[in-house]
Amino acid sequence: MSFLRLNHVSKQYGSLHVVRDFSLQVQKGEFVSLLGPSGCGKTTTLQMIAGFADVTEGTIELDGVDITRTKANSRGLGIVFQTYALFPHMTARQNVEFGLEMRKIPAARRRERVEQALALVHLDKYADRYPRELSGGQRQRVALARALVIEPPVLLLDEPMSNLDAKLREEMQFELREIQRKVGTTTIMVTHDQAEAMSTSDRVVVMEAGRITQVDTPLSVYEHPRNAFISTFVGKTNLLQAVVQPGPDGAAWARVGPVRMAAPTGAPAAGPVVLALRPEKITCTSAGAGRCEGQVAERFFLGNLWMYTVRSPLGDLLVSTVNDGGPACDIGQVVGLDWQDGNVRVIGESRGEGA
């Protein structure tokens with residue numbers, strides 16, 4: 001039986017449907033991310049789980065108990081807000097202890113649990129500092145310790161790393177996942193950052209316009225996106241307009257401009273289809289080799305990668321190559337382009353789906 005269950009949950013403000021028919025089952029100890037662009041309904045969904053927003057339709061169950069109408073302060077959930085919401089007049093220790101005081105936990109037990117929580121987030125040496133004396137990453141850790149110290153059945157994270165710089169955000173992604181695995185708390189995180197969702201989650205829930213479009217493991221969402229929106233939102237991709245034709249041997253072929261390839265799994269027997277090909281799945285070869293030729297129109301250095309825009313008979317293609325220390329392609333250079341048939345995906349129609 002699922003630990004947290006959302007059954008056909010919807011949220012409506014007047015005539016505005018913010019969340020529509022959202023169904024999701026989360027197992028105990030699982031880390032699930034709600035991923036999507038601004039305005040897709042992911043934060044509203046988190047607020048309904050927390051009890052900060054009323055549910056218009058549907059139900060929410062926690063460990064078999066219907067909590068749809070239960071007040072937020074009675075749900076016992078741990079929450080880390082985007083702004084961290086620390087009390088500025090309290091030290092890190094006092095911020096973490098606050099929730100235990102509200103629950104009237106005995107003083108000796110409070111001290112023990114606070115020390116454990118601060119050690120878990122590596123802040124035991126900073127316990128007596130005030131929020132203004134801590135870095136952004138340290139303030140985030142205090143907020144996380146405060147949420148975990150009450151031993152909540154579910155931890156809710158609302159864009160927890162959006163206020164951190166890029167390097168610290170990357171470090172905290174791995175640290176957050178390590179802490180969650182140690183504690184084993186069921187966790188729901190809201191984010192618009194696909195790298196953040198992919199690196200931390202057991203499953204990713206991709207949302208668009210208030211609906212679920214795909215629920216899957218990070219690898220499956222990336223490698224097998226269900227529609228064009230997911231394909232372009234989760235990473236970069238090349239969308240190719242193709243026509244599937246039956247071959248003389250009975251095998252179907254897909255033709256994209258002058259290029260012919262084996263029809264991917266899931267393609268129709270015949271007719272037009274949209275295919276997706278990730279930039280890193282395309283190989284630059286010498287001119288005259290590969291499936292077709294193209295001319296490098298732009299290039300961008302990303303440190304570990306080179307990203308190229310290559311003009312080709314298939315249209316402008318994004319191509320990424322690993323920076324292995326070798327020479328990069330020059331703008332204006334003619335290159336061959338090649339890829340494996342198995343790396344081409346069929347993009348289906350958009351549709352909402354629960355889990």
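Of the contacts in the chain with a separation of 6 or more, 66% join residues 24 or more positions apart, a contact being heavy atoms within 4.5 Å. This is a predicted model, in which local features need pLDDT of at least 70 and side-chain atom pairs count only at pLDDT 80 or more, while totals for chains, interfaces and linings use all residues. Residues are numbered from 1 along each chain as its sequence is written, and side-chain values use heavy atoms, with hydrogens and water left out.

The secondary structure comprises 8 helices and 20 strands, taken as DSSP runs (helices H or I, at least four residues; strands E, at least two) and numbered from the N terminus. Buried residues form 47% of the 355 in the chain; buried means under 20% relative accessible area with a 1.4 Å probe, protein chains only.

The largest nonpolar core contains 32 residues. Such a core is a set of buried Ala, Val, Leu, Ile, Met, Phe, Trp, Tyr and Cys residues joined through side-chain atoms within 4.5 Å.

Helix 4 gives the most, with 6 residues. Val80 is among the residues with the most contacts inside the core. Beyond its neighbours within four places in sequence, Val80 is in contact with residues including Ala143, Leu144, Leu155 and Pro160. Another core, of 31 residues, lies apart and includes Leu6, Val18, Met48 and Leu62.

Definitions and conventions
Buried means under 20% relative accessible area, exposed over 50%, partly exposed in between (1.4 Å probe, protein chains only).
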